[in-house]
Amino acid sequence: MNNFESHHVLSGNHDQGMIILGDHAMNRLPERYGRLGLPETAFARHIAYDIGIEGLCRRLSAILGVPAVLGGFSRLLIDPNRGEDDPTLIMKISDGAIIAGNHPISDEEWASRIESFHRPYHKAVADKIAAVAAASGVAPLVLSLHSFTPAWKGVARPWHASVLWDSDPRAVRPLLAKLREYPDLVIGDNEPYDGALRGDTMYRHCLVKGIPHALLEVRQDLIADERGIAEWAERLAPIFSAINADPALHAYEIHPSRTGPYPGPEETKR
């Protein structure tokens, strides 16, 4: 486990003021955990990672020349897009799959996974945001990429992509507007999920600090192969670049969260 990387950092020009994140980019586990009691096929499913997102992040980082931080472990081990006090941080069951390696779980093991995987990933994110802010001299634009299943419980999802957010609309509004310029795309606004999630990555690193941000979800069947990834990277790159060129998206501006009052200084240090 000592050689296991909790995150992967992609190089880029820090002075461009943009960072790409992929919380659920990978389905990897340290050897000591085996497969958490699951069959190998589980790790090709959405329960283990966001299908297509590693490739999409890598392509966009290369096209735009901006840095990216990718989560290096499966969300089945511990979910980097949850707060440390979230009860769904380590799941016992996910979309019908019972995760035997997560139940029962001792307090010591729970804490170990936070210390070994969750915190190092978030430190890497915080460090990269700070480095971009220092190099550019402005608030960075943070764009987080995820993917969602084409159907849920037998019901097809009509959206090709969706933008999730809490209360800061600065990057969200132009992103939605530019995506909706494509007449063949159905673009969701906080669908099929609501983006207000206390303690998640956008909340922790952006919302509470007044940093402009948006979370984009792409439907998994559209980026399940190299062709789909390339098509979406070519579509998104000019959109991201145009949004990043707006000086208004490089200022610090606090917006109140829909989840309630912000935590005190001691909690935000974690």
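**Backbone notes**

Author: A point to start from: the model is predicted. In it, Pro192 sits in the loop between β10 (187–189) and α4 (201–205).

Reader: What is the peptide bond from Glu191 to Pro192, cis or trans?

Author: The bond from Glu191 to Pro192 is cis, and its omega is near 0°.

Reader: OK, and the peptide bond from His103 to Pro104, cis or trans?

Author: That bond, His103 to Pro104, is cis, with omega near 0°.

Reader: Where does Pro104 lie?

Author: Pro104 is in the loop that runs between β5 (97–98) and α2 (107–136).

Reader: Changing topic to phi. What is the phi of Asp95?

Author: Asp95 is not a glycine, yet its phi is positive, at about 45°. The residue belongs to the loop between β4 (93–94) and β5.

Reader: How accessible is Asp95?

Author: Its relative accessibility is 34%. Exposed would need over 50% and buried under 20%, so Asp95 counts as partly exposed.

Reader: And Lys153, what is phi there?

Author: Phi of Lys153 is near 55°, again a positive value in a residue other than glycine.

Reader: Which loop is Lys153 in?

Author: The loop between β7 (151–152) and β8 (155–156) holds Lys153.

Reader: Is Lys153 buried or exposed?

Author: Exposed: Lys153 has a relative accessible area of 70%, and the cut-off for exposed is over 50%.

Methods
Residues are numbered from 1 along each chain as its sequence is written. This is a predicted model: local features need pLDDT of at least 70, side-chain atom pairs count only at pLDDT 80 or more; totals for chains, interfaces and linings use all residues. Side-chain values use heavy atoms; hydrogens and water are left out. Helices (H or I, at least four residues) and strands (E, at least two) are DSSP runs, numbered from the N terminus. Buried means under 20% relative accessible area, exposed over 50%, partly exposed in between (1.4 Å probe, protein chains only).
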